[in-house]
Amino acid sequence: MRLPTPDKINAVAELKEKIATSEVAIMTRYVGINVAKVTDLRKRLREADVDYKVYKNTLATRALDELGLGEAAQFMEGPIAWAFSKDPVAPAKILREFATTSKFVTMAGGVLSGRVVTKEQLDALATLPSRDQLIAPVVGTIAMPMRNLLGVLNAVPRDLVSVIDEIRKKKEAEAA
């Protein structure tokens, strides 16, 4: 029996660490894609702060087993690349959009917050609004009372000045 090489041990440890520290790890099948297209995909993913890397399926299966996520290995058929991200929606959106223009890359399955997810669940995830789109209305709702309070607080001195000015005009009219 051959002992695993240090490179293989390091690759398994790296993959385990990436799966454990990422909100989502998506497995993608990539068959027949040319260099230009994969470069374009990597660029799009990098811009969204998504790490995209290929691991041998045997090493990935070992890493998944060690993490207690062995059932995710069912999605690893053929060449598989992994997309890792802290934002669970961004890589799913990018990969789904890319798949509409290039049939060479498809989502196969993955791990979301420590749970195994299917391609269908990842497709549903890709239809959700981005994190920023979800946060914007909440921030607006939180800020609205502060804006209203600021308007009320500004109104008091403004109205006081208006009242004093009217009293001045009235006194001037009476004196004339």
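Residues are numbered from 1 along each chain as its sequence is written. Because the model is predicted, local features require a pLDDT of at least 70 and side-chain atom pairs count only at pLDDT 80 or more, while totals for chains, interfaces and linings use all residues, and side-chain values use heavy atoms, with hydrogens and water left out. The average pLDDT (the predictor's confidence in each residue, from 0 to 100) is 86 for the protein, and 98% of the residues score at least 70.

Strand E1 (residues 24-30) is mostly covered, five of its seven residues being buried, where buried denotes under 20% relative accessible area, exposed over 50% and partly exposed the range in between, with a 1.4 Å probe and protein chains only. E1 pairs with E3 in the antiparallel sense over six bridges, pairing being assigned if DSSP finds at least two bridges between two strands; Ile 26 has Ala 83 in E3 as its bridge partner. E1 is also joined to strand E4 (residues 105-112) by seven bridges, again antiparallel, and here Thr 28 has Met 107 as its partner in E4.

Rings of Phe, Tyr and Trp (its six-membered ring) are taken to pair if their centres lie within 6.5 Å, with planes under 30 degrees apart counted as stacked, over 60 as edge-to-face and the rest as tilted. By this rule the count comes to two aromatic pairs. The ring centres of Tyr 55 and Phe 84 are 6.4 Å apart and their planes stand at 80 degrees, so this pair is edge-to-face. Because Tyr 55 lies in the loop between strand E2 (51-54) and helix H3 (57-66) and Phe 84 in strand E3 (residues 80-85), the pair ties together parts that are 29 residues apart in sequence. Trp 82 and Phe 84 form a stacked pair, 5.9 Å centre to centre with 5 degrees between the planes. Tyr 55 and Phe 84 are buried, as is Trp 82, and Tyr 55, Trp 82 and Phe 84 form one aromatic cluster.

Turning to exposed positions, Met 146 is found in helix H6 (residues 131-175) and counts as exposed at 54% relative accessibility. Glu 47, in helix H2 (residues 35-47), likewise counts as exposed, at 60%. The C-alpha atoms of Glu 47 and Asp 123, 76 residues apart along the chain, are separated by 21 Å.

Definitions and conventions: Helices (H or I, at least four residues) and strands (E, at least two) are DSSP runs, numbered from the N terminus.
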